[in-house]
Amino acid sequence: MNLGYEAKNGDNATPRPGSPTVESQPPGALLFEVSWEVCAQVGGIYTVLRSKAPAMVRRWGNAYCLIGPYREASAKIELEPRAAERPLRDAIDQLQAAGLRLHYGRWLITGRPQILLVETGGMFPRLDEIKYFLWKDNGIASPTGDHDFDEVLAFGRIVADFLTSLRACCPERPLLVHFHEWQGAAAIPMLLTRPGTAATVFTTHATLVGRSLSAANADLYDNLATIDAGAVASQHGFGHRHALESAAAQGADVFTTVSGVTALETERFLGRRPEVLLPNGLNVERFAAPHEFQVLHRAAKEQIHEFVIGHFFPSYTFDLDHTLYVFTAGRYEYRNKGLDVFIEALHELNRRLIEENSPATVVAFIVTRASFRALNIDTLNRQAMFNELRETCEAIRDDMARRLLHAVAAGRLPAADELLDESATVRLKRLMHAWRSGPLPTIVTHDLIDDAHDPILCHLRSRRLWNLPEDRVKVVFHPDFISVASPLLSMDYDQFVRGCHLGVFPSYYEPWGYTPMECVVRGIPAITSDLSGFGDYLMKHFPNHDADGLFVARRRNVSFRQTVLQVVQWMYQLTCLSRRERIALRNRVESHAEHFDWSRLIANYAIAHRLALSRRCPGVELPPDPAAPAELGEPPVAKRTARRQRRRAETTDT
């Protein structure tokens, strides 16, 4: 079955400079983006909103505002409270006079967009009324006992009431509202009974039915044409949520999604074909480091080296100059995220490298959040001992430098025993004896709550990936997100990605896929899959993606074994590359980074916004984004030539 999504009948294609589709908001219009993840990280939509904010503020200025539910813990860190200005202030005052609590201010991120956070509790006394009209007007029944659904309805009602009040306060200004995912879109069916309030756009990032079936290990794509979405939702107990999601898709002026893969899913499960595709981007300017990204890679790799020395070298050693770091990361969805493919590929790679007596060692990191009690004591002790060893060596080094300076200043070359005295020698020998230990390095850095039944650990054990001395593939399962506060890998996730050689994300269900894109914008080769939105996008826009280090594993209409062997081959090829060839590959990867900048991809949002406004406000002119001509066009020839020359000159050992 063909899962591709071809643009037609008004679907968006890649915009070009000067095109009438590369446009902005109409004069006087107000744009609101509504999401469950405004100023509160729950999943990937938070990254979409946060990274897109600078481009949206540049385009819309103070006519742009985000709306989300108030979460006190995150709001204390990310919200800068301010007094709202008119006309927002008038609408906020009306809702507060009715007993609701709203928090207005600036989001403390790049771009500093306006945000409005609402406390849903004030609407709970009216839940019965909300549920009645949702059933009366839209045929959606609301069960009792689903607190999360109740909160979604309360949030939707507050958003609808706010927009209605704002329309009354400034009837001359067009309102455009962009809703993300079903939790943020409950206001759409409510607004249908209030005609003329606002033009609406709805973006679904993943359908409830698709995510549920994939999590249940169903063959989603092979059976897409025969799946009864309503029956599946009822069977799994989320029929009311699916009904709300469908109502939002049907009721919006413009319906969108993030990829061609998800477009087929939404057409089947929600009954409407997306009119515009909105690929996710990143604020690439944050990560771009012209002339230096290879140096940044080397510096980050050195930090990973230190963890690896501390973790493995008390038991045995290997050559770090011939060691490559590969990783996978994301939510703990064993099958959806392709963790099963990754582990199986590591087993096959280990077998192949041992058979060929390869000098290469591959350290594979699995970074995902699982339930754990605490850090593994042995792992923590090894890192503590390494830190003590490093501090001792640094102190002895400083003392040796002082002795060397004094001897040379006196006109003589010192003997070795003058530089390293008996006291220092004893300290080093004692540390060396304490440093060497018998147990094998653990394959997991934390004590998991359900160690015996954890899918990742069970798979690693069944494939005998135990970090034996003879293994050419070593495994580190880190069941928590990486942060600079960690006593193990004391670095940010961004730095960790930069220090690795390959990201592996052969997902089975991935509506978009930020993790491989985060690798690309840092110049790190990555493996994605043709069942992910990002992989589907690469296949449509970059015919030579595999040759340029943007590998797309085939999972569509192929066996699990075939997918594994393809991933193994790419990892094996990486171990065969010379240092100069790996540098050249990273240069080719990095050359694609600017394509995924929001300054380019934001134009797709402009298409959706223009279409929605044209259906509500015909004839409205849309001024262009001031940065669009320079950023959407191809880079000047001179700029491209200079960049190629710079990359050829970058031969730094990384």
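**Reading charged pairs, sheets and helix packing**

Mentor: E80 is partly exposed, with a relative accessible area of 26%. Please keep in mind throughout that the model is predicted.

Trainee: Which side chain does E80 meet in a salt bridge?

Mentor: Side chains of opposite charge can pair when their charged atoms come close. Here the partner of E80 is R82, at 3.6 Å from N to O. R82 is likewise partly exposed, at 45% relative accessibility. By the rule used, the count comes to 37 salt bridges.

Trainee: Where does E80 stand in the strand pairing?

Mentor: The bridge partner of E80 in β4 is R106. Strands β3 and β4 (residues 102-107) pair in the antiparallel sense over 3 bridges.

Trainee: What is the order of strands in the sheet that holds β3 and β4?

Mentor: The order is β3-β4-β5-β2-β1-β6-β7-β8-β9, an open sheet of 9 strands with mixed pairing. To read its limits, look for strands that pair on one side only: these edge strands are β3 (79-81) and β9 (276-277).

Trainee: Which helices lie on this sheet?

Mentor: Among them is α5, which lies across β1 (30-34), β2 (64-69), β5 (114-118) and β6 (175-180) and runs at about 175 degrees to β1. Helix α24 also packs on the sheet, where it touches β1, β6, β7, β8 (254-257) and β9. The direction of α24 makes about 140 degrees with that of β7.

Trainee: At what angle do the axes of α1 and α24 cross?

Mentor: The axes of α1 (residues 44-60) and α24 (residues 598-616) come within 10 Å and cross at roughly 75 degrees. That value makes α1 roughly perpendicular to α24. The residues of this contact divide into 9 nonpolar, 3 polar and 3 charged. On the α1 side they include V48, M56 and W60, and on the α24 side W598, I602 and Y605.

Trainee: Is D161 buried or exposed?

Mentor: D161 is buried, with a relative accessible area of 16%. R126 is partly exposed at 34% relative accessibility, and E129 is partly exposed at 30%.

Trainee: How many strands does the parallel open sheet have, and which are its edges?

Mentor: That sheet has 6 strands in the order β14-β11-β10-β15-β16-β17, with parallel pairing. Its edge strands are β14 (473-478) and β17 (550-553). Neighbouring strands are turned by 25 degrees against each other on average, direction ignored. Within the sheet, 2 bridges join β10 (residues 323-329) to β15 (residues 502-504), and F327 stands opposite G503 in β15.

Trainee: What do the totals for the protein chain come to?

Mentor: The secondary structure comprises 26 helices and 17 strands. Of the 654 residues, 58% are buried. Among contacts between residues at least 6 apart in sequence, 76% join residues at least 24 apart.

Notes:
Residues numbered from 1 in each chain as written. Predicted model: local features only at pLDDT ≥ 70, side-chain atom pairs only at ≥ 80, totals over all residues. Heavy atoms only, no water. Salt bridge = Lys/Arg side-chain N within 4 Å of Asp/Glu carboxyl O. Buried < 20%, exposed > 50% of the residue type's maximum accessible area, 1.4 Å probe, protein only. Axes fitted to C-alpha atoms, helices over the stretch in contact; angles between N-to-C directions. Helix = DSSP H or I, 4+ residues; strand = E, 2+ residues; numbered from the N terminus. Parallel < 35°, antiparallel > 145°, perpendicular 65-115°, else oblique. Contact = heavy atoms within 4.5 Å. Nonpolar A, V, L, I, M, F, W, Y, C, P; charged D, E, K, R; others polar. Pairing = 2+ DSSP bridges.
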